[in-house]
Amino acid sequence: MIKSSVYCVHCDTDYDIMVDPTDLKRWYDGELIQVALDYLTDDERELLMSGTCGKCWDKLFPED
């Protein structure tokens, strides 16, 4: 496992996420992120995909 530092583009916060480099490559190569990195939380996966942390996601898309 390696520590990957990921930046939220909305709140300017850095987050550290532990990932297996082999799994990260599987995702980069086209495997679905929820399959390749199934041990990450939904918020961690979203941060990797869009650069939006969970708190900012909730502010941008509040539940009805």
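Thr52 is buried, with a relative accessible area of 5%; buried means under 20% relative accessible area, exposed over 50%, and partly exposed in between, with a 1.4 Å probe and protein chains only. The model is predicted, so local features need pLDDT of at least 70 and side-chain atom pairs count only at pLDDT 80 or more, while totals for chains, interfaces and linings use all residues. Residues are numbered from 1 along each chain as its sequence is written, and side-chain values use heavy atoms, with hydrogens and water left out.

Thr52 sits in the loop between helix 3 (42-50) and helix 4 (54-60). Helices (H or I, at least four residues) and strands (E, at least two) are DSSP runs, numbered from the N terminus. Not counting residues up to four places away in sequence, Thr52 touches Cys8, His10, Glu46, Leu47, Trp57 and Leu60; a contact means heavy atoms within 4.5 Å.

| Side chains joined | Polar contact |
|---|---|
| Thr52 and His10 | 3.1 Å |
| Thr52 and Ser50 | 3.3 Å |

The protein has four helices and two strands, in the order β-β-α-α-α-α from the N terminus on. Strand 1 (residues 2-7) and strand 2 run antiparallel and are joined by six bridges; two strands pair if DSSP finds at least two bridges between them. The hairpin they form has six residues between the strands, and in this hairpin Asp12 takes a positive phi near 60 degrees.

Met18 belongs to strand 2 (residues 14-19) and is the bridge partner of Lys3. Met18 is partly exposed, with a relative accessible area of 42%. Together with Met1 and Tyr39, Met18 forms a nonpolar surface patch of about 320 Å² of accessible area. Patches are made of residues with over 30% relative accessible area and no salt bridge, where like charges are joined within 9 Å and nonpolar side chains (Val, Leu, Ile, Met, Phe, Trp, Tyr) within 5 Å. A salt bridge is a side-chain nitrogen of Lys or Arg within 4 Å of a carboxyl oxygen of Asp or Glu.

Of the 64 residues of the protein, 33% count as buried. The C-alpha trace spans about 35 × 25 × 15 Å along its principal axes.

Methods. Areas by Shrake-Rupley, 256 points an atom, 1.4 Å probe, with all protein chains shown as cover. Polar contact = N/O pair within 3.5 Å; in protein donor to acceptor, adjacent residues only side chain to side chain.
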